[in-house]
Number of protein chains: 2
Amino acid sequence: MISTKGRYAIRVMLDIAQNDDGSYIPLKDIAERQDLSKKYLEIIAKELVAGGLLIGASGKGGGYRLSRDPDKYTIGEILELMEGTLSPVICLADKKYKCNRKKKCNTLPMWQEFDKLVHDFFHNKKLSDLL
Amino acid sequence: MISTKGRYAIRVMLDIAQNDDGSYIPLKDIAERQDLSKKYLEIIAKELVAGGLLIGASGKGGGYRLSRDPDKYTIGEILELMEGTLSPVICLADKKYKCNRKKKCNTLPMWQEFDKLVHDFFHNKKLSDLL
DNA sequence: CGACTAACCCACTATGTCAATAGGTTTTTA
DNA sequence: TAAAAACCTATTGACATAGTGGGTTAGTCG
């Protein structure tokens, strides 16, 4: 299951893309349009800024704007930033994870195949595809 | 992320398929071979029995066996039984879920597409494919 | 019949994550 | 200097996960 954070993040990015007029868009407007808690969106927006997906500006006239064109974002990078990983199992999600059953694991190939499927799906899907 | 319950369930099914000699296989053996807690596997095996995927037998000489041939099980049905759903979002997982943004939801088509991808992947994958 | 084995059943628990909420501080503009 | 907005820190309630513990029932074999 994709968490609300991941889903809301996509909606925030989408909302900003749709209402882009060159200026910064305050969270208050986004929260109202999307009918989401402004307070919760603060957390999400902060992470999107930290990840370089949004640019934030404090003060009057401030808010958020995209750092690139909508067709330059993939849904995959948004989700990975919010969710941490898109991998279905810990042994693929965490590079440092050491599994001593790895060599004889019957299920690993399936998880790898699925992992690639998911990864490819979301990284080939652009933010502009949802506009 | 697929939970341990789902992943262990596949391993239990696989272990039984691999060690099938016509008789019932006790959980103790499976737990030892797979290096998993027997107690925890009890919960999982019980659900697999309830779902009709395994047949359990109490008493001496008892244990578990498959209810069909390994090529008659899909990984999808095992995972869905253990995880409840494979859908990525609540609006697709729960038929009764009522979302008033449905008509204007920009992300729904993507989730539907992804849902189908996941569903098809796991329901086309047979237990016998992992042997 | 009685010991043994194994599933079955019920309750509990520690830990962690999710989905927020609360309240304050800093930054920027007009 | 007042307003608006992001930014920051902390906390919380609810729920799911990943088990553990202890007993009861069912079936087999000598």
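Visitor: Which residues are the closest to DNA strand D?
Guide: This is a predicted model. A residue counts as near the strand if its C-beta atom lies within 6 Å of it. In total, 26 residues surround DNA strand D, and the closest are G56(A), S3(B), S37(B), G59(B) and K60(B).

Visitor: How many nonpolar residues are on the side of chain A that touches chain B?
Guide: Chain A brings 16 residues to the contact, and chain B brings 16 residues. On the chain A side, helix 1 (4-18) and helix 6 (108-123) each supply at least two residues. Sorted by class, that side has three charged residues, two polar ones and, as the number asked for, 11 nonpolar.

Visitor: Which element supplies the largest share of the largest nonpolar core?
Guide: The core has 26 residues, and A9(A), V12(A), M13(A), A45(A) and I78(A) touch the most other members. Helix 1, helix 2 (27-34), helix 3 (38-50) and helix 4 (75-83) of chain A each supply at least two of its residues. The largest share, seven residues, comes from helix 1 of chain A.

Visitor: With which residues is A9(A) in contact, leaving aside neighbours within four places in sequence?
Guide: A contact here requires C-beta atoms within 7 Å. Beyond those sequence neighbours, A9(A) is in contact with I44(A), L48(A), I78(A) and M82(A).

Key. Residues are numbered from 1 along each chain as its sequence is written. Chains are lettered from A and ligands numbered from 1 in the order in which they are written. This is a predicted model: local features need pLDDT of at least 70, side-chain atom pairs count only at pLDDT 80 or more; totals for chains, interfaces and linings use all residues. Two residues are in contact if their C-beta atoms, placed from the backbone, lie within 7 Å. Helices (H or I, at least four residues) and strands (E, at least two) are DSSP runs, numbered from the N terminus. Ala, Val, Leu, Ile, Met, Phe, Trp, Tyr, Cys and Pro count as nonpolar, Asp, Glu, Lys and Arg as charged, and the others, Gly among them, as polar. A nonpolar core is a set of buried Ala, Val, Leu, Ile, Met, Phe, Trp, Tyr and Cys residues joined through C-beta atoms within 7 Å. A residue is buried if 20 or more other C-beta atoms lie within 10 Å of its own, exposed if 12 or fewer, and partly exposed in between; C-beta atoms are placed from the backbone.
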